[in-house]
Amino acid sequence: MREIENSSTLYLVGVGPGDPDLMTYRAVQVLETVPVIIAPKGSRNGKSSALTTVRAQVELDGKEIVELHFPMKRIYAARGRNQEQEVVDAWNLAAETVLQRLDRGDDVAFPTIGDPAIYSTAFYLLSTIVHHRPGIDVKIVPGISAMSACSAATRQPLGLGDEVITVVPAAFERDDLKQILEKSETTVLMKVHRKFDELASLIEETGLCENAVLIEKCGLPGQHIYHDITQAAGRKLHYFSTMIVSRNQRTPHGK
Ligand SMILES: C[S@@+](CC[C@H](N)C(=O)[O-])C[C@H]1O[C@@H](n2cnc3c(N)ncnc32)[C@H](O)[C@@H]1O
C-alpha cells in the first residue's frame, strides 16, 4: 500500500437529474471551490451530462476539466463476477487520472447525475481508487435522484404509509420482474430506454398499464410524460427515461 502523499480530497458530487436548478447548494459550493473536475461521459464522442449540468451553475474558467469515457456496459455488482475488460480499463484509467491530481495536492470533484448512491459510476471509480490507495480522503455530496424528480414532475408520491418501493435497473434480465410488479406497491424502473417495449408488454400482462407512468428527460428541454405508456411503444427513448408503476393507483395531486 502506498503512503498518502497529501491531504487532498476527492468529492463525489451528485448534481441531480440534469435540471441545473436541482443541484444542491453544497454541490455548487464544492464544484466552485475545487481546481479539478473529472466528469464521466457515456459515449466516447459525446458530452458529459453531469458536466453540462454543472456548467449551467458553476464558472469553470481556470479549472482543469477532464471528461472520461465510461462504456455503457452491463455491470454486475456481485462479488467475484468478472467485468468486461473495457469497463475495468476505464475504471483503472479514471482512478489513475484522479490519483495523479490528488497526489499533486489538488482537490478533485467527480460530478455524477442524480445521487451518487444510485447506480452511479462514482462508486465504481471510488472502489477502484480505494483498492489502490485505501486511505484517501473522500467526501460524498448527495444529489436529488431521478426518481425523486420524476415523482415531483408527476405529482405522485413514491411511497406512503406501509408501502414498499422497489427500484429496478431494467436494463438487466430479471425473471422475477413480474413478481416484483405484482408484489411491490411502487416499482421504479430505471434504464428503461432500450427495453421499453418488452417492459410495457409485461406491465400490460400484469394489468398495471393504467398505473404506470413513463418520464423521459425529466426537467430537461423535451421532457415528455407518458400517462398512457402505450403511446411510447416503438419509440426510441432517451437514456434519461424512468418508469413508475404504482399498484395503488395514484391520481396526480393538483394540476
Ligand atoms: C445510471 S442511472 C443514474 C441514476 C442517478 N444516479 C440517480 O440518482 O437518479 C441512469 C438512469 O437514471 C434515470 N434518469 C436520470 N436522469 C433522468 C431524467 N432527467 N429523467 C428521467 N430519468 C432519468 C434513467 O432511468 C437513467 O437510465
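Domain bounds here come from an automatic or database domain assignment. For this predicted model, that assignment gives domain 1 (9-141) and domain 2 (146-246). Their C-alpha centres lie 27 Å apart.

Start where the two domains meet. 7 residues of domain 1 are in contact with 10 residues of domain 2. On the domain 1 side, the touching residues split into 3 nonpolar, 2 polar and 2 charged.

Now turn to the core. In soluble globular proteins, nonpolar side chains tend to be buried together. In this model, the largest nonpolar core holds 67 residues. Val13 and Phe110 have the most contacts inside this core. Helix 3 (residues 85-103) is its top contributor, giving 6 residues. Where does the core lie relative to domain 1 and domain 2? Both domains give residues to the core, so it lies between them.

Phe110 deserves a look. Set aside its neighbours within four places in sequence, and Phe110 is in contact with Leu10, Tyr11, Leu12, Val13, Ile38, Ala122 and Leu125.

The ligand comes next. How many residues surround the ligand? There are 22, and the closest are Gly114, Ile118, Ala146, Met190 and Cys218. Two elements give two or more residues to this shell: helix 5 (146-154) and strand 10 (241-246). By type, the shell divides into 12 nonpolar, 7 polar and 3 charged residues. Domain 1 and domain 2 each supply at least three residues to the shell.

Methods: Residues numbered from 1 in each chain as written. Predicted model: local features only at pLDDT ≥ 70, side-chain atom pairs only at ≥ 80, totals over all residues. Core = buried A, V, L, I, M, F, W, Y, C linked by C-beta atoms within 7 Å. Buried ≥ 20, exposed ≤ 12 C-beta atoms within 10 Å, placed from the backbone. Helix = DSSP H or I, 4+ residues; strand = E, 2+ residues; numbered from the N terminus. Near = placed C-beta within 6 Å. Nonpolar A, V, L, I, M, F, W, Y, C, P; charged D, E, K, R; others polar.
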